[in-house]
Amino acid sequence: MIPPRVRFAPSPTGDLHVGGVRAALFNWLYARRHGGTFVLRVEDTDRERSTPESTALILEGMSWLGMTPDEGPFFQSERGDLYRARLTQLLDMGGAYRCWCTKDDLDAKRAEAERRKSRYGYDGTCRGVTEAPSPGAPFVVRAKLPQDGEVLIDDMVKGRVVLRNDQFDDFILARQDGSPVYNFTVVVDDIDMGITHVVRGDDHLNNTPKQVHLYRLLGADLPRFAHLPMVHGPDGKKLSKRHGAASILAFREMGYLPETMLSFLARLGWSHGDQEEFTVEELQTLFDLDGINPAAAVFDHKKLEWMNGRRMREMSTPELLARARPFIERAQIDPDLPWVPRALEALQPRANTLAALAEGLSLFAGRGPVAYDAKAAAKFLKAESRALLTELAAALEATRPFAAAAIEETVRTFLATRELKMKHIGQPARVALVGGTASPSLFDVMEIFGRDVTLARLRAAAAWSGPEA
RNA sequence: GCCCCCAUCGUCUAGUCAGGUCCAGGACACCAGCCUUUCAAGCUGGGUACACGGGUUCGAAUCCCGUUGGGGGUACCA
């Protein structure tokens with residue numbers, strides 16, 4: 001097979017969203033799998049809506065995910081000469097014509113069609129017109145398409161799709177100001193860049209016949225098409241900002257790993273038997289277009305979370321620290337504090353995102369007195385427990401080293417001597433140490449705090465005099 | 001309205017192209033149990049699905065038709 005050339009062609013009109021990322025991913029993986037080339041092309045022909053900020057966001061998202069293009073980024077806004085040349089070519093050969101219809105006229109016709117509940121399509125008023133209605137009157141350029149017959153698309157995901165030519169009209173190639181429009185630039189560029197496989201969302205399926213005609217008009221070979229199913233939100237509609245996080249960078253902020261996003265997104269619409277998780281390397285060797293499910297998929301945040309947690313749990317502490325560093329700093333904790341690695345280790349099975357991990361760290365950040373959760377204190381810091389806490393503090397004075405194993409030994413002996421169980425001291429001590437009822441193992445917590453803080457907190461709890469009120 | 005796409009547990013999916021091994025398998029979520037000082041993690045177990053109706057066939061989740069449902073498109077957006 002000749003090495004494929006594929007492209008990701010986002011338009012910079014907002015965030016790089018999850019659906020776009022998946023399209024990029026499938027293109028990128030397809031190129032990697034078959035030794036092809038992945039091209040990034042920014043489709044910024046809509047000057048009204050395109051922004052440099054959005055372009056920056058796209059580039060940043062791509063680089064965060066490690067999907068570096070082999071060629072590009074190219075910008076359509078910089079390729080005007082090419083489009084003008086092709087437009088002239090089309091005009092000269094009769095594949096396109098000037099149209100002087102005004103926007104108002106068109107809008108009126110569209111409104112009328114809507115009223116009659118029939119399909120609107122440009123009626124071809126200017127098809128045979130060669131003279132401007134008045135000298136210098138503004139015009140758009142339209143493609144001259146066959147009005148009957150049909151186009152057959154042999155889609156690699158959807159299979160054979162037949163569209164009748166009377167379903168689409170002579171669409172606009174260039175606006176009144178001469179600027180080219182999507183359906184035109186996409187074909188010109190895909191031809192110029194030698195794109196062999198057009199892999200994109202199936203919201204473009206209806207555009208494809210128009211584009212096929214352009215390929216023919218321009219005398220170019222057709223690429224293979226692969227239309228990907230959409231990614232939906234929980235309500236079954238195309239995923240968007242309305243569904244909360246749709247921007248890929250938002251997932252970075254939430255503390256998801258880029259490799260989790262890739263593995264998860266790949267599994268949304270594509271599968272390799274029952275395998276749930278993939279490394280990037282695996283994806284690059286296993287991925288292919290024939291594994292794509294033609295049905296739309298719902299983005300399942302819960303599963304993403306689970307998947308991310310699994311990856312975090314597989315990491316070594318130093319790696320976890322390195323990855324979580326920015327999040328720890330953001331939580332206003334110095335990542336280089338000596339107790340941090342130990343705390344990270346204790347928190348690891350309890351966090352599914354780097355942000356949650358950093359947040360968990362704040363449990364250990366304060367070394368002064370703790371504020372007790374009212375309900376927890378009322379329930380676990382009763383007189384009996386407080387007396388026990390005083391004794392435990394005394395017992396812990398002599399523990400050497402002050403590390404989890406030795407601490408556990410001390411505590412167990414302490415309990416055994418009194419014929420008590422862990423449940424008698426567990427929650428009271430936890431409330432004393434962290435103020436609440438949930439935390440990593442007490443022994444770990446004590447080690448992380450160190451002897452001084454541990455004893456101080458145990459004794460402070462023992463001296464607690466009940467709710468203020 | 002018209003056109004196109006899609007249809008297996010709540011969700012992601014295997015199985016569909018090459019019909020039998022599927023009274024449908026895995027995963028997330030959920031529930032229960034175990035572990036246990038809490039919360040997690042981990043382990044074990046459980047319930048839940050071939051949208052419906054017709055065909056074709058000895059036999060259909062798998063093929064065909066229709067219905068219904070969902071999604072997308074219908075711009076001087078991409």
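**Backbone exceptions, helical core and strand pairings**

In the predicted model, Gln332 is located in the loop that separates α11 from α12. The phi angle of Gln332 is positive, at about 65°, although the residue is not a glycine. Gln332 is exposed, its relative accessible area being 74%. A second residue of this kind is Glu419, which is likewise not a glycine and has a positive phi of about 55°. Glu419 belongs to the loop between α16 and α17, and with a relative accessible area of 74% it is classed as exposed. Most residues other than glycine have a negative phi, and most peptide bonds are trans.

Exceptions are also found among the peptide bonds. The bond from Gly72 to Pro73 is cis, with omega near 10°, and Pro73 is part of strand β3, which spans residues 71-75. The bond from Arg400 to Pro401 is also cis, here with omega near -15°. Pro401 is placed in the loop between α15 and α16.

Helix α12, comprising residues 340-347, has five buried residues listed along its length: Val340, Ala343, Leu344, Ala346 and Leu347. These residues lie on the same side of α12, because they cover an arc of only 165° around the axis. Among the elements that cover them are α11 (317-330), α13 (354-365) and α18 (442-462).

The largest nonpolar core consists of 54 residues, and the members with the most contacts inside it are Ile328, Leu361, Leu389 and Leu396. Two or more residues of this core are supplied by each of α11, α12, α13, α14 (374-380), α15 (383-396), α16 (404-417), α17 (422-434) and α18. The largest share is that of α18, which gives eleven residues. In soluble globular proteins, nonpolar side chains tend to be buried together.

An open sheet is built from three strands in the order β4-β5-β8, with antiparallel pairing. Strands β4 (96-99) and β8 (172-174) form the edges, each of them pairing on one side only. Neighbouring strands of the sheet are turned against each other by 45° on average, direction ignored. Between β5 (residues 140-143) and β8, the antiparallel pairing extends over two bridges, and Arg142 stands opposite Ile172 of β8. Helix α3, formed by residues 80-93, lies across β4, β5 and β8 and runs at about 95° to β4.

A further strand pairing involves β6 (residues 150-155) and β7 (residues 159-164), which run antiparallel and are joined by six bridges. The two strands form a hairpin, with three residues between them. In this pairing, Val151 is placed opposite Leu163 of β7. Strands of a sheet pair through backbone hydrogen bonds, either parallel or antiparallel.

No disulfides are present in the structure; their count is zero. Cys101 takes part in none, and the nearest cysteine sulfur to its own, that of Cys126, is 3.6 Å away. Because a disulfide requires the sulfur atoms to be within 2.5 Å, the sulfur of Cys126, at 3.6 Å from that of Cys101, is too far for a bond. Both cysteines fall in the buried class: Cys101 has a relative accessible area of 13%, and Cys126 has a relative accessibility of 5%.

Asp190 counts as buried, with a relative accessibility of 2%. Leaving aside residues up to four places away in sequence, Asp190 touches Arg7, Arg41, Ile195, Val198 and Tyr215. For the pair formed with Arg41, the separation is 149 residues in sequence and 9.8 Å in space, from C-alpha to C-alpha.

Definitions and conventions:
Residues numbered from 1 in each chain as written. Chains lettered and ligands numbered in written order. Predicted model: local features only at pLDDT ≥ 70, side-chain atom pairs only at ≥ 80, totals over all residues. Heavy atoms only, no water. Buried < 20%, exposed > 50% of the residue type's maximum accessible area, 1.4 Å probe, protein only. Helix = DSSP H or I, 4+ residues; strand = E, 2+ residues; numbered from the N terminus. Arc of directions from axis to C-beta. Contact = heavy atoms within 4.5 Å. Pairing = 2+ DSSP bridges. Axes fitted to C-alpha atoms, helices over the stretch in contact; angles between N-to-C directions. Core = buried A, V, L, I, M, F, W, Y, C linked by side-chain atoms within 4.5 Å.
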